[in-house]
Amino acid sequence: MELIFRKIDTTNQADIADFNELMDDLTHHAHDQALLLEKIKKINARKDAYLLVAEDAGTGKLCGSTMAITFDDFCDDCKPLMIIENVVVHHDYRQKGVGRRMFAAIEDWGRSQNVNYGILCSGMNRLEAHQFYHNIGYEEVKGFKKYL
């Protein structure tokens, strides 16, 4: 399967609908498309962030997405680091290499931003995803989260 990695086209209603479906796969509830569009435009305008989507070139359908944000760090060589979040592959495309290729693309973007390393965030209950992350080289470390 040929994949195209790109930003979401905010003028394309199919992109917004497909992205909403991806977020439904991730969070198990659909989102307000107008709010999604507003947030996508905001992320797309940032130079330190990349909301990457994977498009099935044969169908034009968005089949995966992830977001990365870089920021300056004071440790090591003061190189930036990258947070990776909201990783999802559409349920019809899982186990087909989409996730692996999507991570290669987002990591390439991170390298182009001169990041030192990436930190991947994932929900505690996503055990299959955690095994995948381990398989592509991410080490599990302890972290903490607090809702504000």
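Colleague: Which residue of strand 5 does Ile-83 stand opposite?

Modeller: This is a predicted model. Strand 4 and strand 5 pair in the parallel sense, over 3 bridges. Within strand 5, the residue that Ile-83 stands opposite is Ile-119.

Colleague: In which sense do strand 3 and strand 4 run?

Modeller: Strand 3 covers residues 62-71 and is joined to strand 4 by 7 bridges. Thr-70, for instance, stands opposite Met-82 in strand 4, and Phe-71 has Leu-81 as its bridge partner there.

Colleague: What is the order of the strands in the open sheet?

Modeller: The open sheet has 5 strands, and its pairing is mixed. Its edge strands, each pairing on one side only, are strand 1 (3-7) and strand 5. Neighbouring strands are turned against each other by 25° on average, direction ignored. The order is 1-2-3-4-5.

Colleague: Which strands does helix 3 touch as it packs on the sheet?

Modeller: Helix 2 (residues 33-45) also packs on the sheet, where it touches strand 1, strand 2 (49-56) and strand 3, and its direction makes about 115° with that of strand 2. For helix 3, the direction makes about 155° with that of strand 4. The strands touched by helix 3 are strand 1, strand 2, strand 3, strand 4 and strand 5.

Colleague: How is helix 1 oriented relative to helix 2: roughly parallel or roughly perpendicular?

Modeller: The two helices pack at an angle of about 105°, and their axes are 10 Å apart. Angles of 65 to 115 degrees count as roughly perpendicular. Helix 1 is therefore, relative to helix 2, roughly perpendicular.

Colleague: How many charged residues does the contact of helix 1 with helix 2 have?

Modeller: Helix 1 contributes Gln-13, Ile-16, Ala-17, Phe-19 and Asn-20, while helix 2 contributes Gln-33, Leu-36, Leu-37 and Ile-40. By class, 6 of the residues in this contact are nonpolar and 3 are polar. The number of charged residues is none: there are no charged residues.

Colleague: Which helix gives the most to the lining of the largest pocket?

Modeller: The largest pocket has a volume of about 1,200 Å³. Of the 27 residues that line this pocket, the closest to its centre are Leu-120, Cys-121, Ser-122, Gly-123 and Val-141. Strand 4 (81-89), strand 5 (118-120) and helix 4 (127-135) each supply at least two residues of the lining. The element that gives the most, with 4 residues, is helix 4.

Colleague: What is the volume of the second largest pocket?

Modeller: Its lining has 12 nonpolar, 6 polar and 6 charged residues. Helix 1 (13-27), strand 4, helix 3 (98-112) and helix 4 each supply at least two residues of the lining of the second largest pocket. The volume of the second largest pocket is about 660 Å³.

Technical notes
Residues are numbered from 1 along each chain as its sequence is written. This is a predicted model: local features need pLDDT of at least 70, side-chain atom pairs count only at pLDDT 80 or more; totals for chains, interfaces and linings use all residues. Side-chain values use heavy atoms; hydrogens and water are left out. On a 1 Å grid over the protein atoms alone, a cavity is a set of points where a 1.4 Å probe fits but cannot get out, and a pocket is an open set with protein on both sides within 12 Å along at least five of seven lines; lining residues have an atom within 4 Å of a point. Grid points are joined across faces, edges and corners, and a volume is the space filled by probe spheres set on the points. Ala, Val, Leu, Ile, Met, Phe, Trp, Tyr, Cys and Pro count as nonpolar, Asp, Glu, Lys and Arg as charged, and the others, Gly among them, as polar. Two strands pair if DSSP finds at least two bridges between them. Axes are lines fitted to C-alpha atoms, for helices over the stretch in contact, and angles run from 0 to 180 degrees between N-to-C directions. Contact means heavy atoms within 4.5 Å. Angles under 35 degrees count as roughly parallel, over 145 as roughly antiparallel, 65 to 115 as roughly perpendicular and the rest as oblique.
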